[in-house]
Amino acid sequence: MSEGVGDMDNSIDTRLVHAGEIIPRIEGAVSMPIFQSANFESAGETDYNDVRYARLNNTPNHLVLHARLAALEGAEAALVAASGMAAISGALFGLLESGDHVLVSDGLYGGTHELVTRDFERYGIKYDMIDVADPGSWSGKLRPETRVVYVETMTNPLVKVGDLAAVASFAGENGLISMIDNTFASPVNFRPPEHGYDISLHSCTKYLNGHSDIVAGAIIGRADLVDTIRKRFNLTGGTLDPHACFLLLRGMKTLALRVRRQNTTALALARTLSEHPAVSRVHYPGLESHPGHEWATAMFDGFGGMLSIELTGGAREVDRFMERLRIPIVAPSLGGVETLITLPATTSHLGLSREERLAMGVTDTLIRISIGIEGEDDLIADFLQALE
Ligand SMILES: *Cc1c(COP(=O)(O)O)cnc(C)c1O
């Protein structure tokens, strides 16, 4: 691995392009080649986890990605996974034991919410939900068997931001492992290890890869914890295949360019829409009106490319608006180069009753927008004509 060019003395832009490179370059190749080989010649390994085999996450394509992902957030170690949910479930089940108790933020990403509320019980793991914006309420939920506190940098789809620095200190003071799903911010806007988090998780399907063409995940953080997770993960087998590793490494090189552009466009669109009479609310942490704006300003390098809006009209106006938009694609997922829109009430939150949904703030007219890298003026003009 190269020392120097991709190290922490350099900006995240440089690390995104160079960190973890194998030097000397393999056959001089400027782009890391794909090692499409399941197994590798034995070299006298004595530990099962050191045997070179694709499921054990140790092909050259895995090792370069691990070094690069760790360098992006200034962490000790990283592990890639076959999806964001493979990373999240792998990290939680890799560290928790039957009998443990976990504090999780309310308003979790749908898949994680289901995992915690439906599957934990089968493994004898208990949980309580906390409001990340209300630090005073956390200690009342601590139990002697509490081991982990699990939060998200921003929630889906209302992009709520809580007191994330206080979560990491609370974990430190109470001997808990702090875990955060940092997908929505990406390492360009927020690097959890800098704020004391033990484990940061990503759906690399989103910003890190950024091109809506693979599913992947990452676990980034303390070397001892990542090592424990890796050994269990090697047995459950949620490995990322070498070709997807190659695509992820390629996609990541432009992360800083993409995310900074998405930050700027999202803020401009949020400002424009917040002044429009057909829009009743804009949820975006970059707006002064957002309840988490001060925390976001203190912690983030950018406010991200995700926002959601509510229209003053009803379901018919929402349908018309979605139909009239020309540039955004109506599709799930987020973080790609294309602007995407979804109606959470009829997609991600379909499994909840209307009352549960409304209690979470997910109204019938709430529209989630994932800003792409199209021209800012084109996008704003398109939203304005669709709102007419
Ligand atoms: C998409 C997403 C996930 C799950 O990732 P997959 O790659 O789809 O498995 C987890 N957390 C957040 C915040 C997400 O947006």
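Five strands, in the order S8-S9-S12-S11-S10, form an open sheet with mixed pairing. The model discussed here is predicted.

Biologist: Which strands are the edge strands of that sheet?

Modeller: They are S8 (279-283) and S10 (329-330), each of which pairs on one side only.

Biologist: How many bridges join S9 to S12, and do they run parallel or antiparallel?

Modeller: There are 5 bridges between S9 (residues 306-311) and S12 (residues 366-370), and the two strands run antiparallel. At one of these positions, glutamate 310 has leucine 366 in S12 as its bridge partner.

Biologist: Which strands does helix H11 lie across?

Modeller: Helix H11 (residues 315-324) lies across S9, S10, S11 (340-342) and S12, and it runs at about 135° to S9.

Biologist: Turning to helix H2, what span should its 14 residues have?

Modeller: At 1.5 Å a residue, H2 (residues 60-73) should span 20 Å, and its end C-alpha atoms lie 21 Å apart, which agrees.

Biologist: Is H2 mostly covered or mostly uncovered?

Modeller: H2 is mostly covered, with 12 of its 14 residues buried. Among the buried residues are Pro60, His62, Leu65, Arg68 and Glu73.

Biologist: What do the buried residues of H2 pack against?

Modeller: They pack against helices H1 (12-18), H6 (186-189) and H8 (242-252), and against strands S1 (77-81), S6 (199-203) and S7 (217-221).

Biologist: Which residue takes a positive phi just after H2?

Modeller: That residue is glycine 74, with a phi of about 65°.

Notes
Residues are numbered from 1 along each chain as its sequence is written. This is a predicted model: local features need pLDDT of at least 70, side-chain atom pairs count only at pLDDT 80 or more; totals for chains, interfaces and linings use all residues. Side-chain values use heavy atoms; hydrogens and water are left out. Two strands pair if DSSP finds at least two bridges between them. Helices (H or I, at least four residues) and strands (E, at least two) are DSSP runs, numbered from the N terminus. Contact means heavy atoms within 4.5 Å. Axes are lines fitted to C-alpha atoms, for helices over the stretch in contact, and angles run from 0 to 180 degrees between N-to-C directions. The expected span of a helix is 1.5 Å times one less than its number of residues. Buried means under 20% relative accessible area, exposed over 50%, partly exposed in between (1.4 Å probe, protein chains only).
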